[in-house]
Amino acid sequence: MYAELLWHQVPAMLPQQATDEATGDLEGSIRMTALWWQTGVIYQIYPRSFQDTNGDGVGDMKGIERRLDYLVDLGVDAIWISPIYPSPMADFGYDVADYRDVDPLFGTLADFDDVLAMAHARGLRVLLDLVPNHTSVQHPWFIESRASRDNPKREVYRWRDPSRDHGPPNNWISDFGGSAWEWDEATGQFYYHAFLKEQPDLNWRSQDVRTAMYEMIRFWLDRGVDGFRIDVLWHMIKAADFRDNPLNNAWQPSMGEMDRVLQLHSTDQPEVHEIAAEMRAIVDAYATAGRGERVLIGEIYLPLDRLVRYYGQDRRGVHLPANFQLISAPWEARSLATMIANYEAALPPDAWPNWVLGNHDRPRVATRRGPAQARVAAMLLLTLRGTPTLYYGDELGLTDVRIPPALVQDPRELREPGLGLGRDPVRSPMPWDGGTNAGFSTVVPWLPLNSDWPVRNVGCQTEDASSILTLHRRLLSARRTHSALSAGGSRLLDAEGNVLAYERWHGPERLIVALNLGASPQRLILPDWATAFRSLLSTVDDSVSVGSGALSLRADEGVILTAG
């Protein structure tokens with residue numbers, strides 16, 4: 001039983017919006033005009049793997065442009081494009097050599113401008129991946145910084161003398177394994193890199209760094225970008241005294257070397273919230289000046305109590321600290337109900353929730369949950385209160401692709417092979433049709449396609465009324481049609497067995513979402529006020545059984561019920 005777990009019976013007021021009280025039956029239901037990033041659905045594009053147009057086997061900006069109509073038909077509201085900046089590609093664009101241009105692999109700055117203009121013409125917002133924690137070793141700043149100890153750019157990065165035993169300054173470990181310190185013979189010091197040695201960390205305690213990076217943010221906002229996903233936000237400030245991180249007594253070799261220590265002093269320092277607030281002030285100034293509402297999404301992998309701090313004091317942090325709990329949560333009704341309730345309870349006043357089911361770093365949902373429950377997971381993602389982020393290919397039910405050792409590209413897998421930490425399997429090319437190379441490219445793609453691409457592709461699934469792509473389109477259409485799903489309040493309902501059920505409402509509209517998280521049929525006793533509800537949408541088919549005050553759920557079925 002979890003009826004007592006009530007979350008947002010009174011929906012949070014949205015900032016800077018006039019509201020009036022609705023006349024619906026539910027106390028606290030509010031009629032509102034929400035901001036686009038609150039009601040919208042964000043779709044992540046990994047550009048290398050979306051669409052190739054120039055025959056090099058790698059996706060590009062023209063490819064994104066070609067597929068904009070697909071995204072409109074799918075029903076998403078914004079696209080987040082993973083890094084496209086000039087880069088040596090040691091970590092596939094997360095090692096930036098120039099923050100104000102586009103890598104020739106993807107096209108030109110003019111090509112990006114075309115994508116931006118054509119997306120906006122179709123009502124799509126565009127977010128870029130901001131990579132502020134580190135640059136490439138080929139960035140001009142780092143080239144100058146390592147030229148000599150007295151170079152003006154020296155303090156732009158984190159340089160330290162060796163320890164007393166002539167080793168690294170402390171025990172910090174790179175997220176990709178090995179020491180996080182790299183020796184520079186020419187200047188006789190180590191520099192810090194939280195990831196690869198080709199990705200030196202910037203010194204965000206330097207005002208020069210902040211000034212330059214904030215100017216870069218304005219450069220893209222002035223071009224019309226609608227916001228940023230901020231890469232590894234919680235890494236950006238390190239403890240000033242560079243103390244050793246405590247050892248992790250629970251570490252096992254299967255966990256990866258980075259987990260040998262607890263990142264107590266190398267991440268999530270109090271001063272990082274000042275940076276988030278400064279970035280927020282920059283983007284909010286555009287809205288204040290009438291230049292459009294912009295959004296900041298922070299990548300943050302932290303426990304819940306620390307995650308929600310990134311909303312900031314009086315909501316002056318990032319708009320959406322990314323909530324990754326669905327990726328690793330136990331797939332069981334009671335556990336999910338408790339997790340959802342705890343998250344809602346932890347949100348600061350008026351903070352807007354968000355949910356992520358997959359991304360370019362974690363196993364795909366269809367691999368984690370199986371094809372049947374991937375459909376249920378899609379309904380969960382797109383009906384929970386808050387902003388959902390959908391990872392490209394998840395709408396097709398793509399699973400992780402097996403990468404032969406000879407074809408591995410990901411430096412994390414190359415550095416720590418066999419631990420399941422590699423990210424190539426979730427970055428496979430998008431299968432568009434049954435033609436050559438699945439319509440992705442005229443040549444062999446940079447990574448292998450999913451093995452079932454002749455039948456699991458956009459073309460085939462578009463023609464199939466029962467496909468998971470069709471399900472996603474129907475769910476996204478329902479979000480647009482029913483304000484209860486995109487902007488309404490929520491509360492958990494009492495349920496038995498492996499059923500997760502909750503109510504969504506907005507004004508007089510009331511919906512029930514019921515999810516069977518298991519492979520056995522289940523029965524949900526409906527509240528007295530919902531005994532006459534009918535099916536709006538099912539993850540299986542439309543022959544939903546509602547009668548005698550109960551909903552009968554088939555194995556692996558999710559259902560949305562509506563009044564009348």
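The model is predicted, so local features need pLDDT of at least 70 and side-chain atom pairs count only at pLDDT 80 or more, while totals for chains, interfaces and linings use all residues. Residues are numbered from 1 along each chain as its sequence is written, and side-chain values use heavy atoms, leaving out hydrogens and water. Helices (H or I, at least four residues) and strands (E, at least two) are DSSP runs numbered from the N terminus.

**Nonpolar core**

- The largest nonpolar core has 136 residues; such a core is a set of buried Ala, Val, Leu, Ile, Met, Phe, Trp, Tyr and Cys residues joined through side-chain atoms within 4.5 Å.
- Buried means under 20% relative accessible area, exposed over 50%, and partly exposed in between (1.4 Å probe, protein chains only).
- Y43, L71, F112, W204, W220, M279 and L500 have the most contacts inside this core.
- Beyond its neighbours within four places in sequence, M279 is in contact (heavy atoms within 4.5 Å) with L130, P132, W204, Y214, I217, I230, M236 and L296.

**Helix 6**

- Helix 6 runs over residues 207–223, and its 17 residues reach 25 Å from first C-alpha to last, close to the 24 Å expected; the expected span is 1.5 Å times one less than the number of residues.
- S206 caps the N-terminal end of this helix, with a side-chain oxygen 3.2 Å from the backbone nitrogen of D208.
- Just after the helix, G224 takes a positive phi of about 115°.
- The buried residues of helix 6 include R210, Y214, I217 and W220.
- Those buried residues pack against helix 4 (109–121), strand 5 (125–130), helix 5 (140–145), strand 9 (227–230) and helix 7 (272–288).

**Helix 14**

- The end C-alpha atoms of helix 14 are 20 Å apart, which agrees with the 20 Å that its 14 residues should span.
- H472 is found in this helix, residues 468–481, and counts as buried because its relative accessibility is 3%.
- Leaving aside neighbours within four places in sequence, H472 is in contact with L74, A378, L382, L390, D394 and E395.
- Other buried residues of helix 14 include I468, L475 and R479.

**Cavities**

- A search of the whole structure finds three cavities of 30 Å³ or more; on a 1 Å grid over the protein atoms alone, a cavity is a set of points where a 1.4 Å probe fits but cannot get out.
- The largest cavity has a volume of about 130 Å³, a volume being the space filled by probe spheres set on the points, which are joined across faces, edges and corners.
- The largest cavity is lined by 14 residues, lining residues having an atom within 4 Å of a point.
- W80, I297, A322, V356 and T389 lie nearest its centre.
- Strand 10 (295–298), strand 12 (354–356) and strand 13 (387–391) each supply at least two residues of that lining.

Methods:
A polar contact is a pair of N or O atoms within 3.5 Å; within protein, one must be able to donate a hydrogen and the other to accept it, and residues adjacent in sequence count only if both atoms are side-chain atoms. On a 1 Å grid over the protein atoms alone, a cavity is a set of points where a 1.4 Å probe fits but cannot get out, and a pocket is an open set with protein on both sides within 12 Å along at least five of seven lines; lining residues have an atom within 4 Å of a point.
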